[in-house]
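Student: Hi! Could you walk me through this one while I have it open in the viewer?
Tutor: Happy to, let's have a look together.

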Amino acid sequence: MGKMFPLEPREVPRVNTKYRKIVTKFPVPQSVKVFEKLRNKEPISMTGQPPVLWHKAVGCQVYDRWGNKWLDWSSGVLVANAGHGRKEVAAAVARQARVPMLHSYCFVNEPRAELVEFLAKLSPPPLKKVFLLTTGAETTECAIKLCRTWGLAKGGKGKLKFVTFNGAFHGRTMGAQLAGGIPALKNWLPDGHPDFVQVDFPGDLRCKDRSFDAFERALKEKGVEPDSVCGVMSETYQGGSAALMPVEFAKALRAWCDKHGVLLVFDEVQAGFGRTGTMFGFEHYGIVPDLMCLGKGISSSLPISALIGREDVMNQYGPGEMTSTHTGNPVCAAAALANLKVIVRDKLHKNAARVGDVLHRGLNEMMKKHPDRIGGVMGKGLVAGMHMVVPGTDLKPDPDLAFNVVRKSAEKGLLFFAPVGFGGATVKIAPPLTITKEQIEDGLQALGEAVDEAIAEIG
Ligand SMILES: Cc1ncc(COP(=O)(O)O)c(C=O)c1O
């Protein structure tokens with residue numbers, strides 16, 4: 001069960017730097033009634049974030065109505081890659097809305113055609129067919145379906161196993177959760193499904209054996225023959241930890257998939273469009289998957305996602321057999337196209353690599369200062385996971401410390417979403433890719449203070 005941030009306004013020190021300003025109690029007393037309205041009418045699951053009532057968000061800054069300003073290190077939830085409120089994106093949305101052409105189901109519209117062409121050009125071969133959807137979970141669902149359809153065609157009912165990794169997150173719909181590796185999210189699937197198999201993720205902080213042998217051994221122990229597998233899916237880095245897999249492991253996995261006729265899927269919903277310092281995260285591994293799932297940063301704004309894959313895999317369904325109501329919605333497609341043009345034009349992935357080095361250096365300094373409390377700093381480019389642990393243990397997660405770091409940061413004008421990952425103890429860092437070195441340094445200052453104070457408080 002996640003934690004709820006308290007709604008009682010309390011005095012906090014005033015903050016005034018170039019990028020952060022806190023001039024009220026926290027939470028702002030006038031905002032509390034809005035949070036209470038939501039707590040009354042929405043499920044509890046919607047309550048987990050720091051109580052900041054967003055009014056406006058521009059670039060890396062979030063503003064409320066009462067004079068407070070946060071430096072955003074969440075990008076919403078890794079969506080605003082090109083920065084919040086990007087004017088090119090807002091203009092494209094307004095242009096399309098003014099036409100007006102707001103919806104066309106599967107009837108063709110021009111933004112959809114332009115977007116799929118742009119995405120196909122951006123993707124390395126053999127990823128050349130693009131299917132637009134609305135959410136990240138829809139893309140992972142669709143990838144599972146295509147792998148299983150393909151397995152049936154190649155090996156019949158004996159080739160339907162779908163392998164994923166412990167700790168993985170692929171969305172919250174049923175197929176995506178069957179493929180997910182976070183038990184707490186799957187209470188409603190007590191026995192899982194025999195075709196969905198999870199093995200240890202070799203990049204994990206607590207993983208003891210990172211070799212590819214461990215992957216093969218785990219499958220054998222679970223009675224899974226390689227030739228019975230239709231697909232393997234992995235997040236390019238695991239969202240809960242920001243952990244990448246070892247490069248040698250990724251290469252061995254690609255070779256194993258080729259040898260056994262298994263499709264390799266990378267879920268790039270978080271990693272795609274520059275987050276890790278390359279356009280797609282899998283470039284770090286020197287391999288290309290057969291299918292990739294994209295979402296979040298694709299538009300920096302409106303809901304749209306894409307599954308991109310090999311032609312023979314993507315073309316398994318006939319006319320009208322694989323669609324969705326909002327496929328290629330013209331407004332969302334226009335937003336995505338404008339956003340991707342900005343990312344490519346401004347080479348935001350390169351900024352992520354450059355400025356990400358400053359971020360990771362700063363986080364590693366914090367870990368050196370508190371080696372018994374920060375068990376690891378993982379990630380690449382402009383994504384990082386800071387793993388809070390209980391001192392004197394074998395990396396036992398410390399969710400209270402992580403929660404307090406996020407709370408204190410918000411009070412200092414630095415915004416994260418609530419802790420994620422194993423035991424809810426990872427502070428996840430993911431600013432917009434437009435962030436500058438100066439903004440990173442300002443945020444590191446606030447985070448360093450929050451960590452020091454949270455540790456001192458917890459004792
Ligand atoms: C790696 C990954 N895959 C899939 C999803 C699901 O995306 P959505 O929430 O848009 O369905 C997420 C969302 O956080 C994600 O991080």
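Student: Is L132 buried or exposed?
Tutor: In this predicted model, L132 is buried, because 26 other C-beta atoms lie within 10 Å and the cut-off for buried is 20 or more.

Student: Which strand is L132 in?
Tutor: L132 sits in strand 6, residues 129-133.

Student: And which residues is L132 in contact with, leaving aside its neighbours within four places in sequence?
Tutor: The list is R112, L115, V116, I304, A306, T327, G328 and A333.

Student: Nice. What share of the contacts in the chain joins residues 24 or more positions apart?
Tutor: Among contacts with a separation of 6 or more, the share is 73%.

Student: How many helices and strands does the protein chain have?
Tutor: The chain has 13 helices and 18 strands. Its radius of gyration is 22 Å, close to the 23 Å from the globule rule for 459 residues, so the chain is as compact as a globular protein of that length. Along the principal axes, the C-alpha atoms fill a box of roughly 65 × 60 × 45 Å, and buried residues make up 51% of the chain.

Student: Switching to domains: where are they?
Tutor: Domain 1 covers 15-82 + 348-458, and domain 2 covers 87-345. Taken over C-alpha atoms, their centres are 27 Å apart.

Student: How many residues does each domain give to the contact?
Tutor: Domain 1 gives 28 residues and domain 2 gives 26. On the domain 1 side, the elements with two or more residues there are helix 11 (348-369), strand 15 (374-380), strand 16 (383-388) and strand 18 (426-429). By class, that side of domain 1 has 15 nonpolar, eleven polar and two charged residues.

Student: What about G83, where is that?
Tutor: G83 is in the loop between helix 2 (75-78) and helix 3 (87-98). G83 counts as buried because it has 25 C-beta neighbours inside 10 Å.

Student: Which residues does G83 touch, beyond its neighbours within four places in sequence?
Tutor: G83 is in contact with G59, C60, S300, P432 and T434. With P431, G83 has a C-alpha to C-alpha distance of 8.5 Å, at 348 residues apart in sequence.

Student: Now strand 5. Which way do its residues point?
Tutor: K69 and L71 point one way, W70 and D72 point the other way, and all are buried.

Student: Which strands is strand 5 joined to?
Tutor: One is strand 4 (residues 61-63), antiparallel to strand 5 and joined to it by three bridges; V62 stands opposite W70 there. The hairpin of these two strands has five residues between them, and G67 takes a positive phi near 90°. Another is strand 17 (residues 414-415), which runs parallel to strand 5 with two bridges, and D72 stands opposite L415.

Student: Last one: how many residues surround the ligand?
Tutor: There are 13, and the closest are T135, G136, A137, G171 and V269. Helix 5 (residues 136-155) gives the most to this shell, with three residues.

Conventions:
Residues numbered from 1 in each chain as written. Predicted model: local features only at pLDDT ≥ 70, side-chain atom pairs only at ≥ 80, totals over all residues. Near = placed C-beta within 6 Å. Helix = DSSP H or I, 4+ residues; strand = E, 2+ residues; numbered from the N terminus. Domains from an automatic or database assignment. Contact = placed C-beta atoms within 7 Å. Nonpolar A, V, L, I, M, F, W, Y, C, P; charged D, E, K, R; others polar. Buried ≥ 20, exposed ≤ 12 C-beta atoms within 10 Å, placed from the backbone. Rg over C-alpha atoms; globule rule 2.2 N^0.38 Å. Pairing = 2+ DSSP bridges.
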